[in-house]
Amino acid sequence: MTETTRQQRRALALGVVLSLLTTVLLLLGASVGSTGLESLRQLGSDALAWQIVWEIRLPRTLGAWLAGALLGLAGAIAQGLFRNPLADPYLLGSASGAALGVALALVLLGAGAAAPAVAPWLLQLGLTGAAFVGAVAAVLLTLTLARGVQHTLRLLLAGVVVGVVLGALGSLTMQLAPEVMQTLQAFILGSTGFVGWSACALMAAVLLPCLVVAWAYSHVLDGLSLGEATAASLGLPVAAMRAALVVVLALATATAVAQTGLIGFVGLAAPHLVRAVSKTTHGRLILLSSLMGGVLLMAADTLARGLLAPQELPVGVLTAVLGGGYLLWLMHRQGQRGRWS
Amino acid sequence: MRHLCAVLGGLLLWASQAQAIQITDDRGVQVTLARPPQRIVSLFPSLTETVCQLGQCQRLVGVDRYSNFPARVRSLPQVGGGLDPSIEAIVALRPDLVLMATSSRGAAQLQALGIPVAALQPRSHADVRHMLERVGRLLDVPPETGARRVWRDIEAGLAAASQAVPPELKGLRIYFEVNSGPYGASEASFIGETLRRLGLRNVVPGALGPYPKLNPEFVVRADPDFIMLGDSRYADMVRRPGWGGLRAIRAQRVCAFAPQQSDVLVRAGPRLAEGAQLMVQCLLAKGRQP
């Protein structure tokens, strides 16, 4: 009982720390621009600077947090659902689906100059829309091949197969139309450069219900961690809840990917980072992973545009370096204490 | 008699060596050809264009899949791309010279099979001239009718393009976006050199490297007079957060180049003056509006 209370305290403390970090990073992110760090007060007199802060910096900083939160949430669900610590949000094929969607849209838009009939609706859909459609279509394909969500292993395998096949088709597209290569590469490395207020609103509108559903169904993940048979014997409607969680996983991932590209490692690392601090129930893990993912991506984004300003580093590279480095350090430290064998 | 034979043989050997063609390519490798090549495979679009501009298109027997100019090279056998050439397909064409970029692959295998390889990859106007001269020498085209003539035409084209820019448009600040990273073409790039030649200014400084990935707010702060898009796929830049207020976008001084035009603009090759003329056409079409 005391151990449970202690873990609960740690979870609460982590939540508070992450919320504080979010606030600090939001302020910091709003102050880092194409000329490096500039304090907000300094900008007071400059109308253009304020416009830049309000229309570009704030939404992209907040957008980075939201995308990170969606990925952290999706990662926590994926790891719980598949009972696999290596599971990440892209497990159901959404990453390669999104990349293929973007590649095809780019090729069609390029051809669109010659065949104007294609261009208008595709322009309307945009690369963001194409990525979203691609990600969702890939997950649907995975679900069809796995004949539903009932069998974890079948779902996992179908996801891997769909990921590999769609990835290969994406590479083929890139090979045949080399002019899309650089744009696709940028998409694969991820960027928050063009996230505006509307994108933020969209991500927030997806994040909230996803969090609520995931939190409400989180006890099924707790049950699943004891094994599928045990979970069913506890009287949990495993099938229905799992379907709901897969929908949340797919929707959260697709939304984040569409807005910011394939940012790697956030979804994988966030739940681990939370668990390293506090071993808690899936309900808290999901909320904390969201916060952790948001903080991780927001920090990475701020660094990505601050380090080489006015140039930008691909944010996905930094999330891997930051998250991976921190995770390794945690493992090293806790390995020494003997908790993480 | 035997002495005479030896002297004659020696003379013949000397003569053939004198005829041997030699250049140093961009890898720093000495390329030596015993006689002018008659069956050439080109794995790089601007090298394909160069061979044809030198009037030697008929000597090409194969090209990479991205070579699309002039139109007649499209009917030639394609041997893959620069990064994934099919060695087998190249060897089957029995070439006596393969031209490729330094970034292309397969040079070692081809050389091991006894096929001479020259790797040339221009990155500036001066490089283009140097490439023309070396390809001219390899193909044994007299400079006066070959490389020098082509370069004179390029120079004349650049001068004409520069003169066609009316004084009120000189000194305009341009943002040339190669790609929606956004990647910009800086002063240090080949495109930046053309802009400078036209008397235009570039908002992306050369210190950032030729094609830096920029923070979008850098462009908003720079507020260029004119935007050129190397790729018409990104014509929806108005929708980018904060970009709607840009001077160039409000005045609709944005040119989006179609793929064929883009090929001319981004390839550092013999059509560089044509690229400059495309930029001028864009300036004249959009710049005269109030």
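Helix 2 of chain A passes helix 10 of chain A in a left-handed crossing, a crossing being left-handed if the near helix is turned anticlockwise from the far one by less than a right angle, and right-handed if clockwise. The model is a predicted one, in which local features need pLDDT of at least 70 and side-chain atom pairs count only at pLDDT 80 or more, while totals for chains, interfaces and linings use all residues. Residues are numbered from 1 along each chain as its sequence is written, and chains are lettered from A and ligands numbered from 1 in the order in which they are written.

**Helix pairs in chain A**

Helices (H or I, at least four residues) and strands (E, at least two) are DSSP runs numbered from the N terminus. Axes are lines fitted to C-alpha atoms, for helices over the stretch in contact, and angles run from 0 to 180 degrees between N-to-C directions.

| Helix pair of chain A | Angle | Axis distance |
|---|---|---|
| Helix 2 and helix 10 (residues 238–260) | about 150 degrees | 9 Å |
| Helix 7 (residues 197–216) and helix 12 (residues 282–306) | about 155 degrees | 8 Å |

Helix 2 and helix 10 of chain A are therefore roughly antiparallel to each other, where angles under 35 degrees count as roughly parallel, over 145 as roughly antiparallel, 65 to 115 as roughly perpendicular and the rest as oblique. Among the residues making this contact are A:Gly63, A:Ala67 and A:Leu70 of helix 2 of chain A, and A:Arg242, A:Leu245 and A:Val248 of helix 10 of chain A; residues are in contact if their C-beta atoms, placed from the backbone, lie within 7 Å. By class, the contact has 13 nonpolar, five polar and one charged residues, with Ala, Val, Leu, Ile, Met, Phe, Trp, Tyr, Cys and Pro counted as nonpolar, Asp, Glu, Lys and Arg as charged, and the others, Gly among them, as polar.

Helix 7 of chain A passes helix 12 of chain A in a right-handed crossing, and these two helices are likewise roughly antiparallel to each other. Their contact is made by A:Leu211, A:Ala214 and A:Trp215 of helix 7 of chain A together with A:Gly283, A:Ile286, A:Leu287 and A:Ser290 of helix 12 of chain A, and divides into five nonpolar, two polar and no charged residues.

**Contact between the chains**

The contact takes 28 residues from chain A and 26 residues from chain B. On the side of chain A, the elements that give two or more residues are helix 2 (47–81), helix 3 (94–112), helix 4 (119–145) and helix 6 (181–189), and helix 2 of chain A provides the largest share, seven residues. The residues of that side divide into 13 nonpolar, 10 polar and five charged.

**Sheet and domains of chain B**

In chain B, four strands form an open sheet in the order 4-3-5-6 with parallel pairing, two strands being paired if DSSP finds at least two bridges between them. Its edge strands, strand 4 (60–63) and strand 6 (117–119) of chain B, each pair on one side only, and neighbouring strands are turned by 20 degrees against each other on average, direction ignored. Helix 2 (residues 45–53) of chain B packs on the sheet, touching strand 3, strand 4 and strand 5 (97–100) of chain B.

The domain assignment of chain B, which comes from an automatic or database source, gives domain 1 (22–141) and domain 2 (166–287). Their contact takes 14 residues from domain 1 of chain B and nine residues from domain 2 of chain B, and the largest share of the domain 1 side, five residues, comes from helix 2 of chain B.

Definitions and conventions:
Contact = placed C-beta atoms within 7 Å.
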